[in-house]
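Visitor: I'm new to this one. Could you walk me through it?
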Amino acid sequence: MKIYKFGKIRDILIIAAVFAVTLLSIIPIGNLTIDGSIKAFMPDGEEVAVTNNLIEDEFGSIDPILVSMEINDETILQEEYLTVLKGVTSGIESIPLVLEVISPVNVDYIESSDSGISIVPLMSDSEGDMDISKIKDRILSWKDTYVGTVISRDTRLAQIIVRYADNISPDERNKLFNQVKSLVNEYEDPRWNISIAGRAVMEEEVSNYVAKDLLLILPLVALIVLIVFFISFRRWEGVLLPFIPLAVTVAWIVGGMAIFNMQITLVSFLVPILILVVGSAYSIHILSHFYEELFQNKEFVDSVEISKILKRSIREVRLSVILAGITTAVGFLSFFTSPLGPLRVFGLLCTIGVFVSLLVVFLIMPPMIRLRFSRGWTPSKSNVNMEVAGFKKGDFFRFLKWVVETKSGVLLILVIIFFLFAGFQIPHLQTGLNMIEAFKPSSKVFQDYEMMNTRMNGTGVVNILFESPERGDIVDSGFIRKIDKFSSYIKEDNPSVTSIQSISQFIKQINKVMNSDSIPYAKDSYEDVSIDFFSDSGNGFFSEESEDDQTIFSQEEAVFTDENSLLDNDGENYGSEQGLSYTQIAGLLKEALLNTETSDPSAEDLIRGFNIINNYAGAAYDEIPVDPAKYGLETEEDLNALLSQYLILGAGNLEMVINDDLEPDRTLITIQLNDESKETLGNVLTHIHTFWDREIPSGWSYSVGGSSTIYYILDKHILHSQYFSILGALFLVWLIITFIFRSARVGLIGLIPIIFSLGGLIIAFVVTGVKLDTVTSLTAAITIGVGADYAIHVLVAYRRLASKMDKKDILFQLYSTTGRAILLNALSVGIGFLALVLAHLIPIGVFGSMFALSMGISSLASLILIPAVLTRLDVEKLFKQNKKSILDKYLLEFRKRLKG
C-alpha cells in the first residue's frame with residue numbers, strides 16, 4: 001500500500017511539474033512577431049542580398065509602398081481630383097517613418113527659364129496654380145519619366161510612391177503600413193478608388209494572413225485531432241489522455257520561440273500545426289496497445305494489474321515509437337542542408353518538437369493512465385463490443401490480407417511500373433517563386449497587383465549597381481552612353497521591361513531643356529562662357545539679372561534660321577508666305593524619317609524626327625552628349641565637365657540614381673517589369689550579364705539586385721535544397737532502419753512505401769500544375785520522415801509477431817493492432833492537414849492537401865507493400881530472430897543502470 005501511495009504521489013508530482021513548466025512557457029507567447037518578408041529567406045552571404053543591402057544604404061528602400069488613385073470614367077487630370085491627390089500626398093509625407101513621397105503633385109519637372117532652367121512641381125507653376133493643359137503638355141514632353149511611373153497611359157490612374165527607411169523592424173513597417181492604410185481610408189469616395197499595392201504591402205498582408213490563419217487553423221486542427229481521438233477510442237480518456245501531451249509540446253515549442261526571439265515566418269508558422277498532428281501518432285500507438293490488452297480481460301482489473309498491462313504495452317511499442325520519432329526528426333533534419341535560414345530554423349524547431357513530444361508522451365502519459373485507472377477497471381458490455389475501435393475485425397483488413405496473400409507478385413510489378421512513370425514526370429515538375437501567387441485571385445491584394453502590372457509599369461524590380469574606381473568617374477560621357485545603349489538593348493528582347501530609370505535618363509532630359517534654344521555646332525553657344533552656379537555677380541544660372549544682358553542663350557541663338565530660309569536638297573526654300581509646297585513637305589518628312597532610329601518608325605518616332613529638324617523644344621538634344629563640337633566644345637573632358645554641371649543643376653533630385661551630386665562613384669539602374677515569372681527574370685538577367693560583362697569599363701564593378709532578383713535566386717536555392725533534403729532524408733532513414741535491424745535489405749524494404757508516396761506526390765504536383773516554392777517544397781522531406789514511421793511500425797510489429805505465431809496468422813494480427821493504429825494516425829494527420837486548405841494563402845492550402853495525400857499513400861503502401869515483400873522472403877533469416885536489435889540492447893543496459 002505504501003508503494004502504491006508513493007507511486008501515486010510521484011505521478012501527481014510529475015504531472016504537476018509538467019503543467020507548471022507549460023504555464024511558464026505560455027507567458028512570453030505574446031511577444032512573438034511575424035515576418036512575412038521574402039527577404040528573410042535570402043542567405044546573408046548571397047550576392048543579391050549583399051547588393052540589396054548596399055542599394056538600401058545608398059539609395060533607400062527597394063520595396064516602396066505604392067498608393068494608387070483611379071477615377072472611374074474620366075481623366076484624373078482635373079483640379080478636383082488633383083486636390084484630393086495633393087491631400088493624400090501631404091498626409092503620407094507627415095507620417096514619421098516615411099523618408100520620401102513621389103507623387104504626380106510633387107514630382108519635379110525641369111523646364112527652361114529666362115535664367116537657364118527652373119525645377120518646379122509637375123502639376124503646378126511657381127505660384128502653385130494648376131494649369132491642366134500645361135500639365136498634359138509636361139507629361140507628354142517627359143513621357144518616359146512620368147507615364148507608367150506616376151500616372152497611367154489613359155490618365156485615369158495616378159500613383160504615389162512611398163519610400164521609407166531600410167532598417168525599420170517588421171513591427172515598425174507594419175505600423176507604417178497601417179498608418180498609410182488608415183489615411184487612405186479617410187479619402188474613400190464612390191467617384192474614385194484608392195488602393196495600396198507593392199511588394200511591401202504584399203509582405204505585410206502575408207504577415208496579417210499568417211496571424212489570422214494561426215489563430216483559426218491551430219484551434220481547428222486541435223478540434224479535428226480531438227474528434228479523431230473520439231472516433232478512434234470512444235472514451236473520454238481516449239480523447240484527453242493522448243491530446244494533453246500534444247498541447248504541452250506545442251506550448252513548450254511556441255514559448256521557446258518567444259523566449260529566444262524567433263520570428264514566425266511563412267514556414268515556421270507550420271511548426272505548431274505539424275507537432276500537433278504528427279505527434280498524435282505516439283499517443284495513439286501507446287493508448288491503442290494498452291486498450292488492446294486491457295479489453296481482452298473479462299473480469300475486474302485492479303490498479304496493480306493495470307500498471308503491469310501499461311508497462312507491457314509500452315515495452316511492445318517503445319522501440320517502434322522511438323524509431324518513428326527518430327525517422328520523423330531525420331526528415332526535418334534534412335532541412336539543415338538548405339542554404340535558406342528560415343528552412344533551417346523550421347527543421348530545427350520541428351526536430352526539437354518531435355523529441356520534446358516523445359519526452360512528454362513517455363513522461364506524463366503513463367502517470368495519467370495510472371491515475372485514471374487508479375481504482376481499477378471493470379469490463380462492461382460496451383467495452384467488450386467496442387474492442388478498441390470500430391472495425392477491428394472489419395472487411396477492410398480482410399481485403400488487405402487477401403490482396404497481400406494472393407496478389408503480391410502483381411503488386412510488385414505494378415509498383416515498378418509506377419516508379420518508372422513517376423520518374424519520367426520529374427522533368428515536368430514546375431518551380432517558381434512569386435509572392436503574388438500566394439494570394440487568391442479574388443483577394444484585393446492580387447487585384448491591385450494585376451492593376452499595377454497592366455495599367456502602370458509594374459511591380460517587378462531588377463537593380464544594377466555600378467561602382468567606379470575613383471569618385472567622380474561615374475560622370476563620364478562614354479559610360480553614360482553605354483547606359484543609354486543598354487536601355488535600348490534590354491527592351492528590345494524583353495517586352496516585360498516597361499521602364500528603365502538611370503542617370504542617362506536624367507542627363508537626356510536636362511540636356512534637352514538646357515539646349516531648347518540652341519543651334520547645333522554653333523561654337524559661340526558655349527564659347528567663353530564660364531558657368532558659376534553660385535555666383536552673386538549676376539553671371540550664375542540662377543541670377544536675377546535682366547535676361548537682355550545675362551541670359552546665357554540669347555533669343556538670336558534660339559533658332560536655327562529664319563522660318564523662310566529652310567532649304568531643300570535643290571536649294572529651294574521650304575517656307576514662304578504662301579506656306580509649304582508638296583515637295584517641301586515631302587522633304588521635311590524624309591528628313592524626319594532619317595532622324596528616327598528605326599527602319600519601321602511609329603507615328604511618335606516620326607514626330608520626334610520632325611521636331612529634331614528645327615530643334616523644337618530641344619528635340620535635337622534629346623541625347624547623351626557625344627560630339628563636343630555640337631555643343632561648342634572641343635574635347636571629351638569638356639563634355640564630362642558639362643555633365644557635371646548638369647548634375648549640380650539636379651542636386652537633390654538624383655538620390656535614386658547616384659550616391660553623390662558632385663563626385664558620385666556609384667550609380668543605380670532600376671529596371672521595372674510587369675511580369676516576374678522565372679522565365680522572364682532569367683531572360684532579363686541573362687541579357688544584363690551578357691551586355692555588361694562585355695561593356696563594363698576596366699577597373700569598374702557591377703552587381704545585380706532588386707526584389708524580383710530575390711525570387712529568381714531563391715527559386716534556384718529551393719530546387720537545389722529540395723534535391724539534397726530528399727536524398728539526405730532517404731539515406732538517413734535507410735541508415736537508421738539498417739542499423740536497427742542490422743540488415744541493409746530491411747533498410748531498402750522500409751524505403752519502398754516512402755518512395756512510393758514520393759512518386760504519388762510527383763504525379764500530383766505535375767497533374768495539378770502546382771509549383772514548388774518555399775512552402776510546398778517542404779512536403780517531400782516531411783513525407784519521408786513521417787512516412788518512415790509507418791514503415792518502421794510495420795517492420796517492428798511483423799518481426800515481433802513472426803517470433804510467436806505462424807506466418808499465415810501474422811497479417812490479420814498485424815492489421816488489427818499496428819495496422820489499425822497506423823490508419824488512425826494517417827486519418828488524424830490527413831484530416832488535420834486538410835484543415836490548411838482554409839488558409840488565406842494558397843501555398844499553405846496546397847501543402848496541407850499534398851501532405852494529407854502523401855500520408856494516405858504512405859500508410860496504405862506500408863500496410864500493403866512491405867507485407868507483400870516480406871511474405872516472399874525468409875523472415876527469420878531476414879530479421880535474425882535469435883538476436884536482439886542493437887537498440888534493444890541499449891535500452892536493456894539503460895534500464896539495468898537505472899535499477900543499479
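Visitor: In what order do the strands β2, β5, β1 and β6 form an open sheet?
Guide: The order is β2-β5-β1-β6, with antiparallel pairing. Strands here are DSSP runs of E with at least two residues, helices are runs of H or I with at least four, and both are numbered from the N terminus. Two strands pair if DSSP finds at least two bridges between them. This is a predicted model, where local features need pLDDT of at least 70, side-chain atom pairs count only at pLDDT 80 or more, and totals for chains, interfaces and linings use all residues. Residues are numbered from 1 along each chain as its sequence is written, and side-chain values use heavy atoms, leaving out hydrogens and water.

Visitor: Which strands stand at the edges?
Guide: β2 (98–102) and β6 (192–197) do; each has a single partner strand, so one side of each lacks a neighbour in the sheet. The twist averages 20 degrees from one strand to the next. Angles run from 0 to 180 degrees between N-to-C directions, and axes are lines fitted to C-alpha atoms, for helices over the stretch in contact.

Visitor: How many bridges pair β2 with β5?
Guide: Four, in the antiparallel sense, with β5 spanning residues 157–164. V98 has Y164 in β5 as its bridge partner.

Visitor: And what does helix α3 touch on the sheet?
Guide: Helix α3 (residues 79–93) touches β1 (65–71), β2, β5 and β6, and its direction makes about 10 degrees with that of β5. Contact means heavy atoms within 4.5 Å. Helix α15 (residues 444–455) lies across β1, β5 and β6, at about 100 degrees to β6.

Visitor: New topic. What is the order of the open sheet with β8 to β11?
Guide: That four-stranded sheet runs β9-β10-β8-β11, and the pairing is antiparallel. β9 (497–501) and β11 (701–705) are at the edges, each with a single partner strand.

Visitor: How many bridges join β8 to β10?
Guide: Eight, between residues 460–467 and residues 666–673. V462 has I671 in β10 as its bridge partner. Helix α23 (residues 707–741) lies across β8 and β11, at about 100 degrees to β8.

Visitor: Is S357 buried or exposed?
Guide: S357 counts as buried because its relative accessibility is 1%; buried means under 20% relative accessible area, exposed over 50%, and partly exposed in between (1.4 Å probe, protein chains only). S357 is in helix α12 (residues 341–372). Not counting residues up to four places away in sequence, S357 touches L246, T249, G279 and Y282.

Visitor: What about L593, where does it lie?
Guide: L593 lies in helix α19. At 41% relative accessibility, L593 counts as partly exposed.
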